[in-house]
Amino acid sequence: MDNEKKAARRKRIRRALLLHASLFLFLAAYAVFLGCPLRRITGLSCPGCGMSRALLAAVRLDFKSAFSFHPLFPVAILTILYACHKRAWHLPGNRLSSLILTVSVVGLFAAVWIFRLSTGDPVVAPDFSSSLLFRLARRGSLPAFCLGLS
Ligand SMILES: [Zn+2]
């Protein structure tokens, strides 16, 4: 391998490491500081709620807790790995297979979210009283009829 190819390879590896470190830091900051924006605003959990806690539990090898926080965490890991590394790892797939995968994963997350909401899963249990909209309505900053409180 000549020097140009070695330099290009080192540059690709540095970029990949930087990308992975940035993604990890973003997800860690998101999980620790922000939480779910939909839940924060409306009090209703999103289909991904519990995923950060599930991934952190999986990192600790506590898979029972991981599944209780979000049963689809393995699907999320595999989907993200496939989507991000398909080209680098020379994995099979074209636009149609990517579309089918995306629709399937989104549908699966929606179905599991509806099931968890309907069965009273505590991870996705609505908490309207601490939501931003509810607090604004209580302070009179938002008409109560917007939330159906009147
Ligand atoms: Zn959420």
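## About the model

Welcome! This is a predicted model, in which local features need pLDDT of at least 70, side-chain atom pairs count only at pLDDT 80 or more, and totals for chains, interfaces and linings use all residues. Residues are numbered from 1 along each chain as its sequence is written.

The predictor's confidence in each residue is its pLDDT, on a scale from 0 to 100. For the chain the mean pLDDT is 86, with 92% of residues at 70 or more. Helix α1 (residues 3-34) has the lowest confidence, at a mean of 83, while α4 has the highest, at 96.

## Overall fold

The chain holds seven helices and zero strands. Here helices (H or I, at least four residues) and strands (E, at least two) are DSSP runs, numbered from the N terminus. With a radius of gyration of 20 Å, well over the 15 Å that the globule rule gives for 150 residues, the chain is more spread out than a compact globule. That radius is taken over C-alpha atoms, and the globule rule is 2.2 Å times the number of residues to the power 0.38. Along the principal axes, the C-alpha atoms fill a box of roughly 75 × 35 × 30 Å.

Two domains divide the chain: domain 1 (1-34) and domain 2 (37-147). These bounds come from an automatic or database domain assignment. Between the C-alpha centres of domain 1 and domain 2 there are 25 Å.

## Burial and the core

Of the 150 residues in the chain, 11% count as buried. A residue is buried if 20 or more other C-beta atoms lie within 10 Å of its own, exposed if 12 or fewer, and partly exposed in between, with C-beta atoms placed from the backbone.

The largest nonpolar core has seven residues: M51, A54, A57, A66, F69, L72 and F73. Such a core is a set of buried Ala, Val, Leu, Ile, Met, Phe, Trp, Tyr and Cys residues joined through C-beta atoms within 7 Å. At least two residues of this core come from each of α3 (51-59) and α4 (63-69), and α3 gives the largest share, three residues. Beyond its neighbours within four places in sequence, A57 is in contact (C-beta atoms, placed from the backbone, within 7 Å) with D62, S65, A66 and F69.

## Helix α6

The number of buried residues in α6 is two, so the helix lies largely in the open. After α6 comes G120, with a positive phi near 75 degrees.

## Residues to look for

Most residues other than glycine have a negative phi. L61 is not a glycine, yet its phi is positive, at about 65 degrees. L61 sits in the loop between α3 and α4 and is exposed, with 7 other C-beta atoms within 10 Å.

R10 belongs to helix α1 and is exposed, having 10 other C-beta atoms within 10 Å. R10 and F128 are 118 residues apart in sequence and 50 Å apart in space, C-alpha to C-alpha. S129 is in the loop between α6 and α7 (132-139), and its 9 C-beta neighbours inside 10 Å make it exposed. S129 and T42 are 87 residues apart in sequence, with 9.2 Å between their C-alpha atoms.

Terms used:
Two residues are in contact if their C-beta atoms, placed from the backbone, lie within 7 Å.
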